[in-house]
Amino acid sequence: MRVDVVSIFPDYLRALELSLPGRAREKGLLDLAVHDLRDWTHDRHRAVDDTPTGGGAGMVMKPQPWGEALDALAPDGATLLVPTPAGERFTQRVAEELSAREHLVVACGRYEGIDQRVLDESARRLEVRELSLGDYVLNGGEVAALAMIEAVCRLLPGFMGNAESLAEESHGADGLLEYPVYTRPAAWRGHEVPEVLLSGDHARIAAWRHAQAVRRTTLRRPDLLPATTTGETEVRPAVA
Ligand code: ADE
């Protein structure tokens, strides 16, 4: 997979050289480059922002540098990711979808966002995905881009040594949060590992883990429970 990231703070993205995306690069699964948006400015001040048309607080990113950057970096058919709190929610399913793409270009906005015409124009020849990490506001797209790129890269075929750990983790196929995990010693500061995990009975262990995953999800994220667990699939009588 090829990933190009554009930002006015390229240093922010240095973390991509470390840890997980760094490993994907070493394995030859990921070809990643970070670009400074100001390289596509032509004025003395290398300006990337201007006041919002129609008035209001803050600044808006100018279309010209973004247009030229995307002309240079995004070939027809590539996928443009735009982290924004106004986007569609970035989930594990979206990460899975994106992990099948050949070329992602990530546009990190700052201030009040990027002039909408950049996205409208891009949509003529690119797949444009405006994505939000969650219901809170960050100062710019960089931190969200780091999270999204990491979530996508670890799904690249051949990246994870043990494909089973992908299947069992939170937000995996069953849609439940992951069960609690333990290692040795069996007793630590007066806390015991649950007895069932020491039993060697694989069926009992699997049943216990599933029950724990359901319990956790019910307590912490009831919105994730499959409809069969919450009874939502029952046919309800029509209300008069
Ligand atoms: N940029 C600012 N806030 C964001 C968020 N919550 N998700 C993605 N990008 C953002």
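Predicted model: local features only at pLDDT ≥ 70, side-chain atom pairs only at ≥ 80, totals over all residues.
Two residues are in contact if their C-beta atoms, placed from the backbone, lie within 7 Å. Residues are numbered from 1 along each chain as its sequence is written.

Let's start with the shell. The ligand is surrounded by Pro83, Thr84, Pro85, Ser132, Leu133, Gly134, Tyr136, Val137, Leu138, Gly141 and Ala144, each with its C-beta atom, placed from the backbone, within 6 Å of the ligand. By class, seven of these residues are nonpolar, four are polar and none is charged. Here Ala, Val, Leu, Ile, Met, Phe, Trp, Tyr, Cys and Pro count as nonpolar, Asp, Glu, Lys and Arg as charged, and the others, including Gly, as polar. Strand β5 (residues 79–89) gives the most to the shell, with three residues; strands (E, at least two residues) and helices (H or I, at least four) are DSSP runs numbered from the N terminus.

An unreviewed UniProt entry annotates a "binding site" that includes Gly109 and Leu138; such annotations may be inferred rather than shown by experiment, and positions follow the numbering used here, with feature names shortened. How do these two sit in the fold?

| Residue | Loop between | Other C-beta atoms within 10 Å |
|---|---|---|
| Gly109 | β6 (103–107) and α4 (116–122) | 27 C-beta atoms |
| Leu138 | β7 (127–132) and α5 (142–153) | 15 C-beta atoms |

Gly109 is buried because 27 other C-beta atoms lie within 10 Å, whereas Leu138, with 15, is partly exposed (buried: 20 or more within 10 Å; exposed: 12 or fewer; partly exposed: in between; C-beta atoms placed from the backbone). Leaving aside neighbours within four places in sequence, Leu138 is in contact with Val143 and Ala144.
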